[in-house]
Amino acid sequence: SGGPLRLPWRDTQLGPGQSIEVPVEFVPLDCGEWCGEILVTACWVGGSAEVKEVVQIPTYMRVLHPHPGASDIAAQLPVNVALPFRP
């Protein structure tokens with residue numbers, strides 16, 4: 001674990017064609033790199049059954065010590081970064 005995530009969220013009902021944006025903020029406690037995923041589950045009732053959909057969103061976080069040379073490094077993804085973050 002790289003540190004806590006801030007996820008401001010409250011239950012929201014969405015109608016057909018609507019979307020919602022949920023910002024996720026990573027609060028680093030240590031320097032390093034972390035790969036993982038966030039699972040998003042959506043449920044709705046339609047007809048005679050409840051439909052559930054699960055989506056995996058890959059995450060990649062990197063925290064560097066602040067120093068003058070770090071800005072160039074921080075602007076580039078490392079060569080070993082996990083897919084799908086490679087260009």
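What sits between β3 and β4, and which residue in the turn has a positive phi? I started there. β3 and β4 form a hairpin with two residues between them, and Gly47 in the turn has a positive phi of about 70°.

**Ground rules.** I am working on a predicted model, where local features need pLDDT of at least 70, side-chain atom pairs count only at pLDDT 80 or more, and totals for chains, interfaces and linings use all residues. Residues are numbered from 1 along each chain as its sequence is written, and side-chain values use heavy atoms, with hydrogens and water left out.

**Layout.** I looked up the elements: one helix and four strands, in the order β-β-β-β-α along the sequence. Helices (H or I, at least four residues) and strands (E, at least two) are DSSP runs, numbered from the N terminus.

Pairing here takes at least two DSSP bridges between two strands. I also noted that Gly36 stands opposite Thr59 in β4.

**Salt bridge.** I found one salt bridge in the structure (a side-chain nitrogen of Lys or Arg within 4 Å of a carboxyl oxygen of Asp or Glu). Arg6 pairs with Glu25, and the closest N and O atoms are 3.2 Å apart. The pair links distant parts of the chain, with Arg6 in strand β1 (residues 5-6) and Glu25 in strand β2 (residues 25-26), 19 residues apart. Arg6 is partly exposed at 47% relative accessible area, and Glu25 is partly exposed at 43%.

Of the 87 residues, 14% count as buried. The cut-offs are under 20% relative accessible area for buried, over 50% for exposed and partly exposed in between (1.4 Å probe, protein chains only). For contacts (heavy atoms within 4.5 Å), I noted that residues 24 or more positions apart account for 36% of those with a separation of 6 or more.

**Largest pocket.** I read off about 740 Å³ for the largest pocket. A pocket is an open set of points on a 1 Å grid over the protein atoms alone, where a 1.4 Å probe fits, with protein on both sides within 12 Å along at least five of seven lines; lining residues have an atom within 4 Å of a point. The volume is the space filled by probe spheres set on the points, which are joined across faces, edges and corners. Of the 19 lining residues, Trp9, Ile20, Val40, Thr41 and Ala42 are the closest to the centre of the largest pocket. β3 (32-46) and β4 (49-63) are the elements giving two or more residues to the lining, and β3 has the largest share, seven residues.
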